[in-house]
Amino acid sequence: MIPLPRPPASKRAASNRGQALVLGLFFVFAVAAVLLLMYNTGRTADEKLRITNAADAAAWSVATLEARALNYDAYANRAIVANQVAIAQAVSLISWMHYFETAVEYAPALDAVASSWLFNPAEYPRLLLLLAGVHGTQFLDLGSGGSLRAIVEGLDKTLGAIVTAHDAASSALSTSQQLMHASLVTGAGQAAFANDLVDRIDPDMRASINPLSHDFPAFTRGLAKDDAQGDARGRLADVVLRSRDAFTRSRVWSIRGPDLPPLQRKVELKRRGGTELLGFDEWRALDTLEHQGKRLKRWRWRWRRAPLAWGGASATSDGSPGAERGEHGGSYARNPITSLYLAEPSIVRIGQFGGLPETRELHDLSANADHTAGVTVHVAKPRRTLRTSGGTGSIQPQGRLRRFEASSPGDLVAAMGRGEVFFERPGPRSDGRAERPSLYSPYWQARLVASTPADRAWAATLQDGVVLP
């Protein structure tokens with residue numbers, strides 16, 4: 001076999017040129033694909049992180065909004081209670097002034113009781129103090145030409161105006177609660193707030209509230225006069241009555257005398273009075289001073305009663321008192337004659353009182369109830385707006401590299417966050433007792449919690465059936 005002659009070295013080098021170009025093109029394509037995938041993966045992860053943070057921020061912010069709404073309810077309820085107590089104090093003061101005015105007018109009857117009956121020695125300082133107050137006021141009234149009546153009438157008008165003002169303030173606070181909850185119970189206010197928040201993060205993001213796991217609409221209820229279950233204002237009335245000061249609640253004392261047969265028995269100078277909320281629509285005060293004792297007459301012990309002072313005041317919407325009667329410190333029970341025939345007919349009608357207003361309270365106040373309210377926020381962004389090669393990114397693949405474009409299930413990139421409103425007192429009570437949740441204590445706070453399976457199922461309906469992990 002005859003060997004062929006080898007070409008010159010220069011010709012062999014020329015025939016091998018361009019063989020590495022094919023491998024180089026494949027390598028460049030592979031590197032470009034990897035770089036594109038890295039770019040898309042990084043940008044998608046960054047977008048996902050931003051959306052997740054936006055969802056958590058929106059959920060916590062919406063929960064904080066609801067917690068602040070509950071705290072506002074608590075402050076408003078406390079303010080309503082304070083206004084109602086102020087009304088009760090004004091009514092009490094008017095009743096007491098009229099009571100003291102009649103005591104001055106009928107001072108001779110008090111003198112007769114003090115001089116014709118014997119009292120316990122330890123009680124005489126109190127009796128002398130009462131006589132000094134009555135006669136001192138009588139002396140000043142005579143010296144001023146009968147100014148006591150004018151002072152009492154002036155106080156009636158002034159305190160009546162105060163009653164009207166406090167009633168108007170209570171109504172305004174009640175209306176503010178109703179207006180605030182009008183948007184929150186439907187979730188519209190929370191959705192608008194969440195969308196405003198995520199729009200500041202990224203104008204392409206949109207937020208929505210899961211209505212199936214939103215607890216706030218049913219978390220509270222209005223306690224109004226015309227409730228479906230009747231008059232529901234008993235909760236407010238209970239808090240108001242417990243908040244009365246000692247003077248408003250009961251004005252009671254007694255000066256007793258010893259049993260000295262055959263001279264006297266069961267001697268008692270009885271001061272009875274108090275202010276009551278009757279039927280949720282009337283504040284009424286009654287004050288009476290009556291003396292009783294037994295004396296022998298024809299060898300039989302007989303009661304002797306002497307009305308000495310009385311007064312009353314009432315604040316209602318129509319100016320006329322209702323048929324209901326309160327205890328008024330035991331006035332009707334212990335001073336029946338003075339209460340029924342003198343104090344009650346002389347009740348002064350003052351101011352304008354529309355009754356206890358509507359307030360908000362937790363729907364369930366029982367100790368074993370779950371006093372938390374959750375809210376889930378779903379934040380999504382369309383795939384076409386992502387800053388990737390397949391969206392609005394500055395790097396756009398061409399040709400075969402398009403197969404490496406970023407894509408997301410359901411044409412959305414989304415995340416969920418869930419916030420929760422809970423009750424927690426920042427510090428222990430001074431009396432050591434535990435404080436249960438209510439809308440009279442402004443200790444509502446917000447925190448982030450895990451989303452529920454129901455939340456994930458709801459989110460899948462928004463993303464073509466793709467369930468979020």
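**Reading salt bridges and burial**

Me: E123 is buried, with 15% relative accessible area. What does buried mean here?

Reply: Buried means under 20% relative accessible area, exposed over 50%, and partly exposed in between (1.4 Å probe, protein chains only). This is a predicted model, where local features need pLDDT of at least 70, side-chain atom pairs count only at pLDDT 80 or more, and totals for chains, interfaces and linings use all residues. Residues are numbered from 1 along each chain as its sequence is written, and side-chain values use heavy atoms, leaving out hydrogens and water.

Me: Which side chain meets E123 in a salt bridge?

Reply: Side chains of opposite charge can pair when their charged atoms come close. A salt bridge is a side-chain nitrogen of Lys or Arg within 4 Å of a carboxyl oxygen of Asp or Glu. R126 pairs with E123 at 3.5 Å, N to O; R126 is partly exposed, at 37%.

Me: How many salt bridges does this rule give?

Reply: The count is 28.

Me: Which parts does the pair R235 and E361 tie together?

Reply: These side chains form a salt bridge at 2.9 Å, N to O. R235 lies in helix α7 (residues 234-242) and E361 in strand β8 (residues 359-362), so the bridge ties together parts 126 residues apart in sequence. Helices (H or I, at least four residues) and strands (E, at least two) are DSSP runs, numbered from the N terminus. E361 is buried at 2% relative accessibility, whereas R235 is partly exposed at 29%.

Me: What is the N to O distance between E344 and R325?

Reply: Their salt bridge spans 3.0 Å. E344 is partly exposed at 22%, and R325 is partly exposed at 47%.
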